[in-house]
Amino acid sequence: MATKEIRARSKTKNKGQQAGPSLEELRVKYDDRLDSNQNSPSTGSRSGNISRQSSAFVDLGQFLDFDDLLPMIGEFGLFQKLLFLFMIPFSFIAAFVYLGQIFMTLTPHNFYCFVPELALIADEAERKQLSIPREEDGSYSHCFMYDANYTAIHFALNRTIYLNSTWPTIPCKNGYVFDHVEMPFHSATMEFGWVCDSDYYATLAQIIFFVGSILGGLGYGRFADLCGRLSALVSSCFLALVGSIFSAMANNFPAFAATRLLVGASYDTCFTMIYILVLEYVGPKYRTFVANMSLAIFYAPFTMLMPWLALGTYHWRTFSALCAAPISLSLLSFWLLPESARWLVSVGQIDNAMELLKRVARRNNKTVPPGVFDHFKFSCQQFYKEELQGRNFTVCSIFKKPRMARYMVLMIIIWMVISLLYDGHVRAASVLDLHNVFVFFSIACATELPGNILVILTLDRFGRRWCAFVFTSLSGIFSLVAASMKNSRHMLGAALAGRFFANICYNIGLQWAAEVLPTVVRAQGVSFIHTMGFVAMMMSPPVVFLSSVSTSLMLIILGILGLLGGILALFLPETLYHDLPQTLSDGAEFGREQRIWHGPCCGPGAKRVKRPQRLWHQGSSLRTISRDEFRSTRMHRVAKTRIGTRKTQISSQDTLATEKMIHTHTFEHGKN
């Protein structure tokens, strides 16, 4: 009888349109299930105790979010560990897509014009004396040959009479002879003759690759919102597979450039989607570790291995085809990997999301009361309704508030500088030591591992701003020091230090932008900032190309960029130990009270904020913010640890005038 009265009262209350059952109906349903579990003779005492224990903490008047449910189903259990291991093949794909073209377009240091009439002369020194003029420093020319009758020279009994340094010279007509001892890998540059007057082709191919990255970043961002993480992941890997296979078949520059455009379109998405997918299932306190260690122990070793895979295959066509073969395994992801439960909720597929989360709980050997899942489903339905009403934010919304607009412009410039600095150092490794390209490249890539570990140790202690300032500036300082070195070994050592600090500031930049921007525009804003980073990366091949003129000039540019990025970082707000902005209004006020010398661990205003036991997003966990995770202005969420006073009824006037306050609580749950 009491149940009927409660249901009747819940129907008469005018609380607006509901996306699912009301709180009263859900409470009645949960109480009925609890009573049936307690009265049923087939129900064991253990399950009854679990239900009674949970009922003491589950307050159905509050909303339940993903980060509230994760401790109940397991924050880093067997399910998440298996997903973590699934990042291994995609780390290989990312390393190959990003670094593969660098080796395909390697330019050897020693080469000279090929003269077919003299090809049968066994002595290379004699061939050079007869056909190649010398430069002012005494070395043989790379791009010019004598204009002589080489047929007569070939059949002459005494060829020494034809030695004449006063003959006129012409550019190479029949290709080039490359030193395969110095460069045992046969690159596309060597096959197509992209040297001398055509030496810009390799640089142009790299720029076209990043044009594809820009198009892919914009297209796949929208595609992932519409079709899901898994679809974006698999389709981008398929694009990399097709582009790599057809790259191996290219016979001219237009064909090669078109295939590299396809491969470039897959860059970032082929790893970012599995990166986000894994982190969305991991609890907040494990996300910093998973985010950085996945790069340190998976991605970094594959970047070190890539030069030796190229060297082992000998030819760029074989390298492109063989390294593309493992990409085909990514197509199995449709059957092996789960879809993002957060994305399923965002598109209204709440039942599918519930099945996935129940599977996570079973795999992690966790027992969750059914009422908790019912409560979570109701919260998702309400969230989904609010999402539909709140999806009217665009990147342009960021620029409506002066403070946010200033932060956005700064973040774009800083990220472009850091992206150019990082990519420039990566590509510089292929030209700094031309005699030991593969060894030096591997050593440079090895700096990724300690760099990622140092980020874990320092970022949550000293804050984002001062870490970005120090590490970016150090990268610039060591680059300038390397440019001033006359000794080649000292220059290589300083350049490696610059690369090491560039790795660190790049990892900091990946995270910082997601923390400064408000939640309602975070996904679109971060996507736009990363796209501008690809625009900046288009300039790194021309910067590295300057090494053909002067290695010091290339390093000076990288050094100036590092100092510029470090100084600009001081003008962004610190996010460590601060409540992150949720709405546009929060973003307009964020950082207003901070001074430029403010630091989380020392200095004025540095007193640590006492954080509650349960936060929505803690520090570096903001790296896991999904592309489709929005909150409307009526869903402003406040974190609390235990049940306090709450508003059970919200009038339409309150709804229009103020933001809806959604409280978060920590629930206890049973374990097997």
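Predicted model: local features only at pLDDT ≥ 70, side-chain atom pairs only at ≥ 80, totals over all residues.
Student: What does the protein chain come to in secondary structure?

Tutor: The protein chain has 29 helices and 8 strands.

Student: Back to arginine 359: why does it count as partly exposed?

Tutor: Buried means under 20% relative accessible area, exposed means over 50%, and partly exposed is in between, with a 1.4 Å probe and protein chains only. Arginine 359 counts as partly exposed because its relative accessibility is 35%. Across the protein chain, 54% of the 672 residues count as buried.

Student: Which residues gather with Arg359 in a patch of positive charge?

Tutor: Lys358, Arg362 and Arg363 gather with Arg359 on the surface. Patches are made of residues with over 30% relative accessible area and no salt bridge; like charges are joined within 9 Å, and nonpolar side chains (Val, Leu, Ile, Met, Phe, Trp, Tyr) within 5 Å. Lys and Arg count as positive and Asp and Glu as negative, while His and the chain ends are not counted. The place of a charge is taken as NZ of Lys, CZ of Arg, CG of Asp or CD of Glu.

Student: And which residues form the nonpolar patch?

Tutor: Leu329, Leu332, Phe334, Trp335 and Leu336 form that one, with about 600 Å² of accessible area together. Accessible areas come from the Shrake-Rupley method with a 1.4 Å probe, and for residues only the protein chains shown count as cover. Look for leucine 332 in the loop between α15 (316-324) and α16 (333-336). Leucine 332 counts as partly exposed because its relative accessibility is 42%. For the protein chain, the accessible surface comes to about 28,700 Å², of which 61% belongs to carbon and sulfur atoms.

Student: How many salt bridges does the structure hold?

Tutor: Here's the idea: side chains of opposite charge can pair when their charged atoms come close. The cut-off is a side-chain nitrogen of Lys or Arg within 4 Å of a carboxyl oxygen of Asp or Glu. The structure holds 4 of these. One of them joins arginine 317 to glutamate 191, with the closest N and O atoms 2.7 Å apart. That pair links distant parts of the chain, since arginine 317 is in helix α15 and glutamate 191 is in helix α9, 126 residues apart.

Student: Are those two partners buried or partly exposed?

Tutor: Arginine 317 is buried, with a relative accessible area of 18%, whereas glutamate 191 is partly exposed at 32%.

Student: Where does the pair of aspartate 423 and arginine 427 lie?

Tutor: Both lie in helix α20 (residues 402-428), 4 residues apart, about one turn of the helix. Another salt bridge joins glutamate 448 and arginine 499, with the closest N and O atoms 3.5 Å apart. This pair links distant parts of the chain, from helix α22 to helix α24 (residues 488-516), 51 residues apart. Both glutamate 448 and arginine 499 are buried.

Student: Last one: how many residues apart along the chain are valine 372 and methionine 72?

Tutor: They are 300 residues apart along the chain, yet their C-alpha atoms are separated by 9.3 Å. Valine 372 is found in helix α19 (residues 370-390) and counts as buried at 2% relative accessibility.

Conventions: Residues numbered from 1 in each chain as written. Heavy atoms only, no water. Helix = DSSP H or I, 4+ residues; strand = E, 2+ residues; numbered from the N terminus.
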